[in-house]
Amino acid sequence: AKWRNRHGRMSMYLKIKRQKQTIFLHCDPSDTILTIKQKIQAISKVETGDQRLLITDEKIVCDENKTVKECKLEDGAIVALVFKKAQDPPEWEEVDIHLLPKAGEDGPAGPAGPADDTG
């Protein structure tokens, strides 16, 4: 679902996931990861230096100087968000996101069967 923004450039959105929260963030492929973090800061009130964005498939940290396009993030991509823990020395949260199984894969309870309404 790509569309053009008011400047005539292609627009897209990213799904930023942290624990059970998902932020649908509108962006342009030319936006830097730092710009994405600034948008997240406006929502979460967490400073950009205390945020880390990771590509979910490879768990690769997104370089904040690279653009969305350079990170190979496509429209609708899921990106994991972790925050820096308030401790000394500081550490990062573990990636904790809840993804639905891909088509053909079983969920945590095994394959989905017919609903059982007899109870």
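1. Let's start with Glu74, which is exposed, at a relative accessible area of 60%. Please keep in mind that the model is predicted. Glu74 sits in the loop that runs between strand S5 (60–61) and strand S6 (78–83). Setting aside neighbours within four places in sequence, Glu74 has contacts with Met12, Tyr13 and Leu14. Tyr13 is 61 residues from Glu74 in sequence, while the C-alpha to C-alpha separation is 8.3 Å.

2. Now to the salt bridges, of which the count is four. One of them joins Asp31 and Lys39, whose closest N and O atoms lie 3.4 Å apart. Asp31 has a relative accessible area of 12%, so this residue is classed as buried. Lys39 is partly exposed, with a value of 28%.

3. Another salt bridge brings together the side chains of Lys37 and Glu64, at 3.0 Å from N to O. This pair connects distant parts of the chain: Lys37 belongs to helix H1 (residues 33–44) and Glu64 to the loop between S5 and S6, 27 residues apart. Lys37 is buried, with a relative accessible area of 6%, whereas Glu64 is partly exposed at 30%.

4. Lys84 and Asp50 also meet through their side chains in a salt bridge, with an N to O distance of 3.9 Å. Here too distant parts of the chain are linked, since Lys84 lies in the segment after S6 and Asp50 in the loop between H1 and strand S4 (51–55), 34 residues apart. Lys84 is partly exposed, at 33% relative accessible area, and Asp50 is partly exposed at 29%.

Note on methods. Residues are numbered from 1 along each chain as its sequence is written. This is a predicted model: local features need pLDDT of at least 70, side-chain atom pairs count only at pLDDT 80 or more; totals for chains, interfaces and linings use all residues. Side-chain values use heavy atoms; hydrogens and water are left out. Helices (H or I, at least four residues) and strands (E, at least two) are DSSP runs, numbered from the N terminus. Buried means under 20% relative accessible area, exposed over 50%, partly exposed in between (1.4 Å probe, protein chains only). Contact means heavy atoms within 4.5 Å.
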